[in-house]
Amino acid sequence: MTEDAQAFYGRWARLYDLLARKTPGIVALRQRAADACRLEPGDTVVEMGCGTGANLPFFRSAVGPEGTVIGIDFTAPVLERARELTAQYDNVHVIRGDATAPPVSGPVDAVLATFVVGMLSNPAGAVEDWTKFVGSGGHVVLVNAARSDRWYSPPVNALFHAITVLSTPPTTKLRYETAPTRRLDERIRHAHDALRENADAVAHETHVLGVVRLTGGRIA
Ligand SMILES: C[S@@+](CC[C@H](N)C(=O)[O-])C[C@H]1O[C@@H](n2cnc3c(N)ncnc32)[C@H](O)[C@@H]1O
């Protein structure tokens, strides 16, 4: 999965960047995610799996010129795009590394991971590690897409399933032992549960017809 994911995001970096910044509603969602990190000017924030860097400018606005913003991703071509997007800021750093073993040391004020934990083999373990990495009083925020549980969910989930299959590396594979949407739902549930268990204050909201979940926790 790791090599598949890097090859996939590497190949589609430009297209992904377009979707990551121009999909209707995505700007408001990224602003909500940044707000949920509860950042103050001068703070340090790390984004795990930052991709092409679409969240990083929101962080830079929140922490200002005296703060520090760090984006970590293991796919080189997406990081090149993230570097281009943030080249004007000398306090935004983009680093190649594994989000499950971050190449920077904590504690930091906040960690954000948007649309990433569904790609990890042990999402709950990664989130627990991130809660230790930020330390007591810091914030961890997760944003992910999973099947909707609203009353009108069948057509929404059919579309979500098609998008998930097309965007799950390897995209050439037509049959899976476990349906990618089911596997994604489980990983996301485990990750968000792990955040709730390690937080002393939790905020949870859903967006985009119940498909996108945002959970923010202040770490105990
Ligand atoms: C769906 S993209 C999301 C990118 C970005 N967070 C966003 O919201 O646009 C998932 C990203 O996570 C990265 N990724 C997945 N697993 C990772 C890991 N273990 N370490 C670092 N990056 C990882 C991929 O390279 C990819 O850029």
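A residue counts as near a molecule if one of its heavy atoms lies within 4 Å of it. In this predicted model, local features need pLDDT of at least 70 and side-chain atom pairs count only at pLDDT 80 or more, while totals for chains, interfaces and linings use all residues. Residues are numbered from 1 along each chain as its sequence is written, and side-chain values use heavy atoms, leaving out hydrogens and water.

**The ligand site**

The ligand is surrounded by 21 residues. Among the closest are Gly-49, Asp-73 and Thr-114. The shell holds 11 nonpolar, six polar and four charged residues. Here Ala, Val, Leu, Ile, Met, Phe, Trp, Tyr, Cys and Pro count as nonpolar; Asp, Glu, Lys and Arg count as charged; the others, Gly among them, count as polar.

| Residue | Protein atom | Ligand atom | Distance |
|---|---|---|---|
| Gly-49 | polar backbone atom | nitrogen | 2.7 Å |
| Asp-98 | polar side-chain atom | nitrogen | 2.9 Å |
| Thr-114 | side-chain N or O atom | oxygen | 2.6 Å |

On its own, the ligand has 590 Å² of accessible area, and the protein covers 96% of that. Accessible areas come from the Shrake-Rupley method with a 1.4 Å probe.

**The core**

A nonpolar core is a set of buried Ala, Val, Leu, Ile, Met, Phe, Trp, Tyr and Cys residues joined through side-chain atoms within 4.5 Å. Buried means under 20% relative accessible area, exposed means over 50%, and partly exposed is in between (1.4 Å probe, protein chains only). The largest nonpolar core has 53 residues. Met-48, Phe-59, Val-111, Trp-130 and Leu-142 touch the most other members. Leaving aside residues up to four places away in sequence, Phe-59 has contacts (heavy atoms within 4.5 Å) that include Ala-34, Val-45 and Leu-112.

**Backbone exceptions**

Most residues other than glycine have a negative phi, and most peptide bonds are trans. Which residues are joined by a cis peptide bond? They are Gly-106 and Pro-107, with omega at about -5°. Pro-107 lies in the loop between strands S3 (92–96) and S4 (110–114). Helices (H or I, at least four residues) and strands (E, at least two) are DSSP runs, numbered from the N terminus.

Arg-38 has a positive phi, near 55°. Its loop runs between helix H3 (26–36) and strand S1 (44–48). Arg-38 is exposed, at 52% relative accessible area. Leu-209 also has a positive phi, about 60°. Leu-209 sits in the loop between strands S6 (199–207) and S7 (212–219). Leu-209 is partly exposed, at 47%.

Note on methods
A polar contact is a pair of N or O atoms within 3.5 Å; within protein, one must be able to donate a hydrogen and the other to accept it, and residues adjacent in sequence count only if both atoms are side-chain atoms.
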